[in-house]
Amino acid sequence: MQPRNMSMSGVVDLAAVKAAGEAKAKAEQARAEAARQVGQGGGSGPAAGAVPPSALVIDVDEAGFERDVLQLSAEVPVVLDFWAEWCEPCKQLSPLLERLTVQANGRLVLAKVDVDANQMLMQQFGIQGIPAVFAVVAGQVLPLFQGVAPEQQIRETLAQLIQVAEERFGIIGIEVDPNAEGAAAGAADADVEPPAGPHDALLEAAVVALDAGDLGGAVQAYKNVLADDPANSEAKLGLAQAELLARVQHMNPQAVRTAAAENPKDPAAQIAAADLDLVGGHVEDAFGRLVDTVRVTFGDERDSVRLRLLELFEVIGADDPRVTAARTALARVLF
């Protein structure tokens, strides 16, 4: 059976587990708590800082479902693999899902559910046959597919899931430490090759361009890296910073702030002022300004503000508590 086309209209209610509203609220609380623990150097599990690739695949049961799936889904999309030892198709699909999850480098977590040991979960998800694959994002469930599908179709489905999580919920995943225990086995399973040598040269070229004030050159150098290595965190951060500097370099700060003050509902005016706020080190002001603008705008205008806010999150970094707080505030005004 081919994967179903995913859309947010496919979200179903997990009423038998938790009411959707309660699940979302608890997911937001979990996100804030994870950020607090990371800041204190504590916490455990995938949401508590960098994890080894082996931690991206977990076994889940009914008792730990809320903690290991619903709460974790505030940080990273969780793919649910319903399987059983006697299921031959499951033995084909599960290793593929594990490999693709590790390849996603922290943008997904795979939670494996043994249906023989978790009959209640099977019933609550309305599963008629296995293997069956679902996803949970911000406490909400998306049906993905049932049965064994071709690898390319599964890749495309998971890529769309990652896109939905980032664009609709601002969820970008968790950090993976390739040097942690179990990394060698995870890398072997994922068939992931290390970045090619030219990436280092391109990253260095980007830094040189930044130092020289050549923002356009720096932007292009970072884009060249990401064209070959889309998950390169250094290039993502560098690109976000370089694009921000390029946007503000010719601004008239006084004119921008005057326009923003006089037009509080003008998305373009507020976006420009937020860029200046961030460059000036006023991170909370920048985030708060755009969250407030999302609240009073609609349609394409709202979407443009939301996307700029996500770009600014990239500049600061996903682990920063200010980003975590702003993501929670954004979720509240969107949903």
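**Entry 1: Val176**

I started with Val176, which lies in the loop between helix H5 (151–169) and helix H6 (183–190). I am working from a predicted model. Is Val176 buried or exposed? I get a relative accessible area of 14%. The cut-off for buried is under 20%, so Val176 counts as buried.

Next I looked up its partners. I left aside neighbours within four places in sequence. Val176 is then in contact with Val51, Pro52, Pro53, Leu56, Asn105 and Gly106. I checked the Pro52 pair by C-alpha positions: 5.7 Å apart in space, 124 residues apart in sequence.

**Entry 2: Disulfide**

I searched the whole structure and found one disulfide. Which cysteines does the disulfide join? Cys87 is joined to Cys90, S to S 2.4 Å. I computed a torsion of about 80° about the S-S bond of Cys87 and Cys90, so the disulfide is right-handed. Cys87 and Cys90 are both buried.

**Entry 3: Nonpolar cores**

I turned to the largest nonpolar core, which has 31 residues. Which of them touch the most other members? I find Leu80, Phe82 and Phe125. At least two residues each come from helix H2 (65–71), strand E2 (78–83), strand E3 (109–114), helix H4 (119–124) and strand E4 (132–137). E2 gives the largest share, four residues.

Definitions and conventions. Residues are numbered from 1 along each chain as its sequence is written. This is a predicted model: local features need pLDDT of at least 70, side-chain atom pairs count only at pLDDT 80 or more; totals for chains, interfaces and linings use all residues. Side-chain values use heavy atoms; hydrogens and water are left out. Buried means under 20% relative accessible area, exposed over 50%, partly exposed in between (1.4 Å probe, protein chains only). Contact means heavy atoms within 4.5 Å. A disulfide is a pair of cysteine sulfur atoms within 2.5 Å. A nonpolar core is a set of buried Ala, Val, Leu, Ile, Met, Phe, Trp, Tyr and Cys residues joined through side-chain atoms within 4.5 Å.
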